[in-house]
Amino acid sequence: MRLLPWDYLFTRFGSHTFPDLYTKTWVATLILLVGLVLLYNNRTRALHRHAPYLDMYEWLLWTGISLFGLILVAAVFNFYLIVLLVILFTGLAVMVWVRFVRFPPLFEVYEQKLAKQRYFTRSKFAHPESTIRPKGAKTVKARGSRPNAQRSRSNRSRRRR
């Protein structure tokens with residue numbers, strides 16, 4: 001360390017000025033970006049029927065792609081360290097906000113909706129006779145019980161085709 005700590009904020013982030021952090025930063029960013037895409041694919045396959053969870057993972061995916069992409073651009077083009085830190089802290093803050101502030105109320109509403117669906121389904125089939133058709137109900141005629149006139153007309157139309 002040759003400069004005061006706050007003077008490093010206005011130094012370009014490169015391999016010559018920050019040799020111990022530069023390579024670790026862009027390698028970790030690439031690994032986290034690949035991990036984020038794999039996590040998104042895995043979770044969206046597992047939760048494909050639950051829209052609020054899919055929305056959250058999509059928000060996290062695009063926030064992560066933006067964050068890690070900007071960090072890579074900042075590292076490649078040697079932005080000032082303060083710009084890199086602003087990008088990093090802003091992106092992480094948005095990811096934390098998405099996960100812990102924006103979506104938990106939506107998850108609670110969704111869980112209540114699922115609980116109501118489970119309750120009504122359970123109460124609908126609670127009585128054993130609820131799935132048995134009453135004796136007075138008409139049965140659907142079998143396909144072979146059509147009148148002969150109809151059958152002959154349908155056979156004639158099939159032959160014409």
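This report walks through a predicted model of one chain, from its overall make-up to a few single residues.

## Ground rules

Residue numbers start from 1 along each chain as its sequence is written. Because the model is predicted, local features need pLDDT of at least 70 and side-chain atom pairs count only at pLDDT 80 or more, while totals for chains, interfaces and linings use all residues, and side-chain values use heavy atoms, with hydrogens and water left out.

## The chain as a whole

Helices here are DSSP runs (H or I, at least four residues) and strands are runs of E (at least two), numbered from the N terminus.

Confidence is given as pLDDT, the predictor's score for each residue, from 0 to 100. The chain averages 84, and 76% of the residues score at least 70. Among the elements, H3 has the highest mean pLDDT (96), and helix H5 (residues 148-160) has the lowest (54).

Of the 161 residues, 21% count as buried. Buried means under 20% relative accessible area, exposed means over 50%, and partly exposed is in between (1.4 Å probe, protein chains only). The chain exposes about 12,800 Å², with carbon and sulfur atoms supplying 63% of that; accessible areas come from the Shrake-Rupley method with a 1.4 Å probe, and for residues only the protein chains shown count as cover. As for contacts (heavy atoms within 4.5 Å), take those between residues at least 6 apart in sequence: 65% of them join residues at least 24 apart.

The expected span is 1.5 Å times one less than the number of residues. H2 has 26 residues and reaches 37 Å from its first C-alpha to its last, close to the expected 38 Å. H3, with 22 residues, reaches 30 Å, close to the expected 32 Å.

Now for the packing. In H1, Tyr22, Thr29, Leu36 and Thr44 are buried, and the buried residues of H1 pack against H2 and H3. H3 buries Leu81, Leu84, Ile87, Gly91, Met95 and Val98, and its buried residues pack against H1 and H2. Over in H2 sits Thr63, buried at a relative accessible area of 15%. Leaving aside neighbours within four places in sequence, Thr63 touches Gly91, Val94 and Met95.

Asn78 is in the loop between H2 and H3. Most residues other than glycine have a negative phi. Asn78 is not a glycine, yet its phi is positive, at about 55°. With 28% relative accessibility, Asn78 counts as partly exposed.

## A nonpolar patch on the surface

Phe10, Val73, Val76, Phe77, Phe79, Tyr80, Ile82, Val83 and Val86 form a nonpolar patch on the surface, with about 790 Å² of accessible area together. Helix H2 (51-76) and helix H3 (81-102) are the elements that give two or more residues to this patch, and the largest share, three residues, comes from H3.

Patch members have over 30% relative accessible area and no salt bridge; like charges are joined within 9 Å, and nonpolar side chains (Val, Leu, Ile, Met, Phe, Trp, Tyr) within 5 Å. A salt bridge is a side-chain nitrogen of Lys or Arg within 4 Å of a carboxyl oxygen of Asp or Glu. Ile82, in helix H3, is partly exposed, with a relative accessible area of 30%.
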